[in-house]
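Morning, everyone. I have one structure to walk through today.

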Amino acid sequence: QEFIRTRVMAPGRSMSAMRLTRPFAWWVPVFMWQLQLLDAKVQTGTLMIGGNVAGLRWKYLSKFGFGLGVGQYEVRLKLHGPTQLPSSIYLDFDIYLDEDWQRVQSLPPCKRESYSLSRKTLPLMLEASGEWGEWQLGAVEHRVRPHIWYFALSDCAMSLPHGLEVDFELRARQEDASEFSIEVRQMLAVHGATLLSYTIFLAIFASCCLQHWHAMGTMHPLIWVFAAGLGLQYTSQASYMAHLLRYRTDGVGYWVLRAVSENCSMASQVIHTGLLIIIARGYTLLASRTANLGIVKLVMSFVLITHFALVGLANWEDDAPHKHHENEGAIGWAIFGIRFGLLAWFLHAIRKSRNSAGLKVCAFLRQFEAAGATYLLAYPLLLIFVQAFAPYLRHPILRVGLLSVQLASDAWFARLFLLRGAYFEVSTFSAPLLPAFGTYKVA
């Protein structure tokens, strides 16, 4: 049987704060909105607690995944704003194990402690003066496997006569003083390896582009578009790596860099999808189907803005109790639906192009269809796949899977555009005077 221990520690020195907040001219408003959402989760949170309404007497605060060994946490409270009380009171700080959390949520708020679901309850002082109370420290110990612990604040004794806004600060760290929750513990190494891989890949890609330029005397617009997507992905990895390096030392990181990373990654994925659909519609393959690119650009712009908005909403509820990776819940299923819609469009475009294509082009389109469908299905399949794992494993599995798919798709596109393979043989890609995207009109 697994050994799990919780214990209270004497007040002591503060630990670095645990804040697991994640992050073209027309994206600026969306990006700034996302930064506001991220800013709302800085260092301390504010909640309404107390009064006669049962739902206001028990409030979820945060969660943290502790690995093997002894992990520590600390918490303190204060009244929000200039509010004062006649005398200091105590509120209950409850901690719940992930194995009990589903049952906790199924019970009425003030029944959760009485059913002995709280593994430890600590009294937290709310100073009458409105100043911060003393830090209350505790620890958990795991010997078999990691667990996610959920933290909540309750006033089931009705110490507050009516609802009041209360500020809280909660901090946690692993046995080795790491600020990373167990779900993201290995992400520094993963993103470091990914950044190194992209650095090597970019050097090879740049060399191949120079050779292509010397051989053809020009660079096709598709290569420029793909290069932009590759640059966005590299920016994403570099920004997230810088965020993680900072987070390792202070438990906060750089919110702006995280937001830049998530948006750049999403933009890179949308560019990949756009390239798949453009080629599936016959661009560079069928002369009769090269005048309909305007609608593709319009739809992909809308998809990109929608994805940016979803990323912002995901950051807003970053520490929600049901979230164990960045796209869990309604946000992830919304992206799931968008990807399936794009897959349907891609497959429809492939079928229409086949009706007008010769044997060689049809043979290429079959291979192209398999590769494109694999890319577009990767996110939906991974989203379903990770649900079979323990909550603390979902984030690393999903993140590693998505990074692997993105790196593989970048390598595949580079081979498609720069090597003299099947695509080169059946397309007009090698022609030096192909018109650019902007010269086409919407049919």
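**Salt bridges, a helix and a cavity**

Glu169 has a relative accessibility of 1%, so Glu169 counts as buried. Keep in mind that this is a predicted model.

What does Glu169 pair with? One partner is Arg76: Glu169 and Arg76 form a salt bridge, with 3.3 Å between the closest N and O atoms. Look at where the two residues sit. Glu169 is in strand β9, residues 164-173, and Arg76 is in strand β4, residues 69-79. They are 93 residues apart, and the pair links distant parts of the chain.

Is Arg76 buried or exposed? Arg76 is buried, because its relative accessible area is 17% and the cut-off for buried is under 20%.

Glu169 also forms a salt bridge with Arg171. Here the closest N and O atoms are 2.2 Å apart. Arg171 counts as buried too, at 10% relative accessibility. As a general point, side chains of opposite charge can pair when their charged atoms come close.

How many salt bridges does the structure hold? The count is 8.

Here is another one. The side chains of Glu99 and Arg145 meet in a salt bridge, at 3.4 Å from N to O. This pair also links distant parts of the chain, 46 residues apart. Glu99 is in helix α2, residues 98-106. Arg145 is in the loop between β7 (136-142) and β8 (147-154).

Arg145 has a relative accessible area of 25%, so Arg145 is partly exposed.

Next, the helices. Find α3, residues 187-216. Helix α3 has 30 residues. From first C-alpha to last, α3 reaches 41 Å, close to the 44 Å expected at 1.5 Å a residue.

Which residues of α3 are buried? The list is Met187, Leu188, His191, Thr194, Leu195, Tyr198, Phe201, Phe205, Cys209 and His212. Just after α3 comes Gly217, which takes a positive phi of about 80°.

Now the cavity. Rolling a probe the size of a water molecule over the atoms shows where empty space is left. The largest cavity holds about 430 Å³ of space.

What lines it? There are 25 lining residues. Nearest the centre of the largest cavity are Ser265, Gln269, Glu326, Arg399 and Leu402. Several helices give two or more residues to this lining: α4 (221-250), α5 (255-280), α6 (293-316), α7 (330-355), α8 (359-385) and α9 (391-418).

Let me finish on Arg399, one of the residues nearest the cavity centre. Arg399 is found in helix α9. At 10% relative accessibility, Arg399 counts as buried. What does Arg399 touch, leaving aside its neighbours within four places in sequence? Arg399 is in contact with Met187, His191, Tyr240 and Glu326. Two of those names came up with α3: Met187 and His191 are among its buried residues. Another, Glu326, is also one of the residues nearest the centre of the largest cavity.

That's the tour. Over to you.

How values were computed:
Residues are numbered from 1 along each chain as its sequence is written. This is a predicted model: local features need pLDDT of at least 70, side-chain atom pairs count only at pLDDT 80 or more; totals for chains, interfaces and linings use all residues. Side-chain values use heavy atoms; hydrogens and water are left out. On a 1 Å grid over the protein atoms alone, a cavity is a set of points where a 1.4 Å probe fits but cannot get out, and a pocket is an open set with protein on both sides within 12 Å along at least five of seven lines; lining residues have an atom within 4 Å of a point. Grid points are joined across faces, edges and corners, and a volume is the space filled by probe spheres set on the points. Helices (H or I, at least four residues) and strands (E, at least two) are DSSP runs, numbered from the N terminus. The expected span of a helix is 1.5 Å times one less than its number of residues. Buried means under 20% relative accessible area, exposed over 50%, partly exposed in between (1.4 Å probe, protein chains only). A salt bridge is a side-chain nitrogen of Lys or Arg within 4 Å of a carboxyl oxygen of Asp or Glu. Contact means heavy atoms within 4.5 Å.
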